[in-house]
Amino acid sequence: MLKIKSYVKVNSIAEAYELNQKKSACVLGGMIWLKMGNRNVSTAIDLSGLGLDTVQELEDEYVIGCMTTLRDLEMDKSLNTFTQGAIRESLRHIVGVQFRNCTTVGGSIFGRYGFSDVLSMFLAMDTWVDLYQAGRIPLAEFVKMKKDRDILQSVIVKKTPLKTVYLSQRNTETDFPVLTCAASLIGEQPRTIIGARPGCAMVVEDREDLLYGFTEMSKKEKAEAVRKFSEYAAANVPVGSNMRGSKEYRRLLTEVLTRRAWEALGGIKE
Amino acid sequence: MNLSFWLNGVYRHDEVEPDTMLLDFLRDKGCYSIKCGCETSNCGLCTVLMDGKPILSCSTLALRAEGKKIVTMEGMQKEAEEFGTFLADEGAEQCGFCNPGFIMNIFAMENELEDPTEEDIKEYLAGNLCRCSGFVGQTRSILKYLQYKKTKKREEAEK
């Protein structure tokens with residue numbers, strides 16, 4: 001059961017940071033995950049009065065406030081045009097509209113949850129996090145960092161030309177994913193993300209450069225590269241078992257989803 | 001702590017504990033249409049509208065309602081009755097436990113989506129679980145209800 005001793009709707013990030021230095025304090029996101037656990041919170045820090053709940057489109061980047069709801073992201077026309085609908089695809093299976101009206105992008109990213117569709121999707125883009133103390137850090141680095149008492153202010157998506165596809169496998173609609181997969185071309189740079197392994201989403205490093213020069217390949221070459229890379233991903237991405245699926249099943253899914261995502265991205269199959 | 005907000009069109013001031021969830025608080029104020037079905041934020045039984053948007057009151061602190069407009073089914077009796085007849089006509093209502101949350105989300109959908117398809121409806125209502133039915137009757141009733149509202153709106157515009 002969640003117990004909260006005091007609640008503060010802060011007037012600035014500096015105030016939130018100061019309050020959050022106490023170990024028993026907690027910054028509130030959408031609260032969905034938080035309220036599921038047993039926790040005694042001395043001070044619940046609410047950022048909802050700071051106007052950090054919008055998607056701002058600038059010339060070269062999107063600045064997404066940490067309190068932006070997943071539903072607002074899902075419905076953001078510009079972001080969806082930029083990602084060819086992948087943002088919406090990554091979010092629309094997360095429980096229901098009411099749930100996504102509660103959950104925030106900041107809570108989803110800062111929590112670095114293993115099951116997170118949001119994290120998998122944002123890792124597939126040129127994404128940075130803006131932390132109050134540490135400043136801007138690439139999301140791919142942030143996911144590997146130990147959790148600290150800093151405050152995530154916003155998530156920044158650079159407008160580097162992007163082609164991306166998002167896929168997930170669920171045992172049943174609205175459940176946590178068994179596996180997520182996002183494939184993208186950030187400029188010419190291929191990137192593949194596997195999440196819900198069930199560990200935290202990770203970038204699949206293409207150490208054999210199997211997808212190098214993907215955009216320049218013929219359709220036949222692309223198909224061959226995709227086949228080899230999906231086998232490589234299955235062999236190299238660490239996966240595990242939980243109540244939603246076994247390690248073996250996830251390994252098979254890694255290959256299938258990686259192949260499908262890159263086939264769609266390469267125009268080999270829809 | 002002090003809480004001032006609008007509940008079903010009435011502005012009110014209350015005292016609330018920091019960890020009271022909106023669901024418990026609203027039930028304490030007599031809004032018994034809101035129910036706790038799952039406690040895992042999955043069933044949608046506790047759906048209320050906050051500034052017009054459907055949210056899960058089981059997962060929202062009451063204090064987050066500060067300055068907001070909260071609407072529960074108690075505040076939409078006429079509309080609920082109107083839609084309820086469509087549910088009944090299609091035999092979509094069995095135990096009825098999920099109905100209040102379900103109906104509130106339909107009203108939210110009506111405001112948000114223009115002319116939704118059956119697929120849009122199913123996607124929008126994915127967060128409302130019914131353990132009696134297979135959603136077929138409900139979907140049928142929603143389609144008929146929306147058609148009725150569309151015709152009514154057109155007729156009123158033509159007058």
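Trainee: Which residues touch the most other members of the largest nonpolar core?

Mentor: Bear in mind that this is a predicted model. In general, nonpolar side chains of soluble globular proteins tend to be buried together. The largest nonpolar core here has 118 residues. Those that touch the most other members are A:Ile45, A:Ile109, A:Phe122, A:Cys181, A:Ala182, A:Ala261 and B:Val48.

Trainee: What is B:Val48 in contact with, leaving aside its neighbours within four places in sequence?

Mentor: A contact here requires C-beta atoms within 7 Å. With the neighbours within four places set aside, B:Val48 has these partners: B:Leu26, B:Ile34, B:Ile55, B:Ser57, B:Ile70, B:Val71, B:Thr72 and B:Met104.

Trainee: Where on helix α1 of chain A do the buried residues fall, and what do they pack against?

Mentor: Helix α1 of chain A covers residues 13–20, and its buried residues are A:Ala16, A:Leu19 and A:Asn20. Viewed down the axis of α1(A), they fall within an arc of 95°, so they line one face of the helix. An α-helix has 3.6 residues a turn, so residues three or four places apart point the same way. The buried residues of α1(A) pack against β1 (2–9), β2 (26–28) and β3 (39–46) of chain A.

Trainee: Which element gives the most to the side of domain 2 of chain A that touches domain 3 of chain A?

Mentor: Chain A is divided into domain 1 (2–43), domain 2 (55–158) and domain 3 (162–265). The C-alpha centres of domain 2 and domain 3 of chain A lie 20 Å apart, and the contact takes 23 residues from domain 2 and 24 residues from domain 3. On the domain 2 side, the elements giving two or more residues are α4 (86–91) and α7 (117–123) of chain A. The most, five residues, comes from α7(A).

Trainee: How does that side of domain 2 of chain A divide by class?

Mentor: The side in question is the one that touches domain 3 of chain A. By class, its residues are eleven nonpolar, eight polar and four charged.

Trainee: Which element supplies the largest share of the side of chain A that touches chain B?

Mentor: Between the chains, 22 residues of chain A are in contact with 23 residues of chain B. β1 and α5 (97–102) of chain A each supply at least two residues of the chain A side. By class, that side has eleven nonpolar, six polar and five charged residues. Its largest share, six residues, comes from β1(A).

Trainee: Within chain B, which element supplies the largest share of the side of domain 1 that touches domain 2?

Mentor: Chain B is divided into domain 1 (2–74) and domain 2 (75–158), with C-alpha centres 22 Å apart. In the contact, 20 residues of domain 1 of chain B meet 17 residues of domain 2 of chain B. β3 (47–50) and β4 (53–56) of chain B each supply at least two residues of the domain 1 side. The largest share, three residues, comes from β3(B).

Trainee: In β12(A), what is the bridge partner of A:Ile194?

Mentor: Four strands of chain A form an open sheet in the order β9-β10-β11-β12, with antiparallel pairing. Its edge strands, each pairing on one side only, are β9 (162–170) and β12 (202–203) of chain A. Two bridges join β11 (residues 189–195) of chain A to β12(A). The β12(A) partner of A:Ile194 is A:Met202.

Definitions and conventions
Residues are numbered from 1 along each chain as its sequence is written. Chains are lettered from A and ligands numbered from 1 in the order in which they are written. This is a predicted model: local features need pLDDT of at least 70, side-chain atom pairs count only at pLDDT 80 or more; totals for chains, interfaces and linings use all residues. A nonpolar core is a set of buried Ala, Val, Leu, Ile, Met, Phe, Trp, Tyr and Cys residues joined through C-beta atoms within 7 Å. A residue is buried if 20 or more other C-beta atoms lie within 10 Å of its own, exposed if 12 or fewer, and partly exposed in between; C-beta atoms are placed from the backbone. Two residues are in contact if their C-beta atoms, placed from the backbone, lie within 7 Å. The arc is that of the directions from the helix axis to the C-beta atoms. Domain bounds come from an automatic or database domain assignment. Ala, Val, Leu, Ile, Met, Phe, Trp, Tyr, Cys and Pro count as nonpolar, Asp, Glu, Lys and Arg as charged, and the others, Gly among them, as polar. Two strands pair if DSSP finds at least two bridges between them.
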